[in-house]
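Hi there,

Here is the structure I promised to pass along. Have a look, and my notes follow below.

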Amino acid sequence: RQERALKMKKQWAAVVLAGGAGRRLGGKDKTKLAYREQESFLEHILKELQDFSPIYLSGHPGPSPQRTWLIADKLSGMGPMVGLWSVFSACGEDALLSVPCDMPYFSRDLASWLASAAEAFKADCLVCRDNVGRIHPLCGVYRRSCVPHMEACIREGKLSMRELLSRTETILLEPQKHGFPEYLFMNINTAEDLRLFYAHDPRNP
């Protein structure tokens, strides 16, 4: 399979971004949403990250699942950039694979491919772009060289991930051109997204 062409050469750390308030889902904790086969969204993501260690949970209220370390946001409720900055402030890793907790089709193969791409290209950030040009900044790899830019953004109150990408050396990766299906980038943000997720599995058309 094409998506297995790139394999990690070293051990990588990962962060699951789990601090969102889920406002468009009525305040539900997305990590606890039921996945298929009687597991939660978080349990599914952690299974797909089995090749990564350590795994940090950003903004998750706890308790900490096995093999994970909880990292509280240094500034509560300020979004994923603050979450990533908080993890870098607490850990010793030079780079982190980032995955949002609400991307239910994220796969082990994609995780390995992203880390391998980061081994090949030494940009500050490597993030995914889908077939219609949408950037998915929470799915990618971030290096510690981003931290000064994160801190500048936070000081200025410019907290969007796109602002961070505009200030750093960023590579936009297009995994679908390497054999990955487009549905991997599906996010669950609303009740309708969740309904569609339960109603249809694109892996079994």
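**Asp201 and its surroundings**

The side chain of Asp201 reaches the backbone nitrogen of Arg203 at 3.0 Å. Asp201 sits in the segment after helix 6 (191–199), helices being DSSP runs of H or I with at least four residues and strands runs of E with at least two, numbered from the N terminus. Because its relative accessibility is 13%, Asp201 counts as buried (under 20% relative accessible area, with a 1.4 Å probe and protein chains only). Leaving out residues up to four places away in sequence, Asp201 touches Arg36 and Tyr105 (contact means heavy atoms within 4.5 Å).

This is a predicted model, in which local features need pLDDT of at least 70 and side-chain atom pairs count only at pLDDT 80 or more, while totals for chains, interfaces and linings use all residues. Residues are numbered from 1 along each chain as its sequence is written, and side-chain values use heavy atoms, without hydrogens or water.

Helix 3 (residues 108–120) is mostly covered, with 11 of its 13 residues buried. Its cover includes helix 1 (41–48) and strand 4 (95–100).

The largest nonpolar core has 39 residues (a set of buried Ala, Val, Leu, Ile, Met, Phe, Trp, Tyr and Cys residues joined through side-chain atoms within 4.5 Å). Among the members touching the most others are Val16, Leu110 and Leu114. Helix 3 gives the most to this core, with 7 residues. A second, separate core of 24 residues includes Met81 and Trp85.

Best wishes

Conventions. Buried means under 20% relative accessible area, exposed over 50%, partly exposed in between (1.4 Å probe, protein chains only). A polar contact is a pair of N or O atoms within 3.5 Å; within protein, one must be able to donate a hydrogen and the other to accept it, and residues adjacent in sequence count only if both atoms are side-chain atoms.
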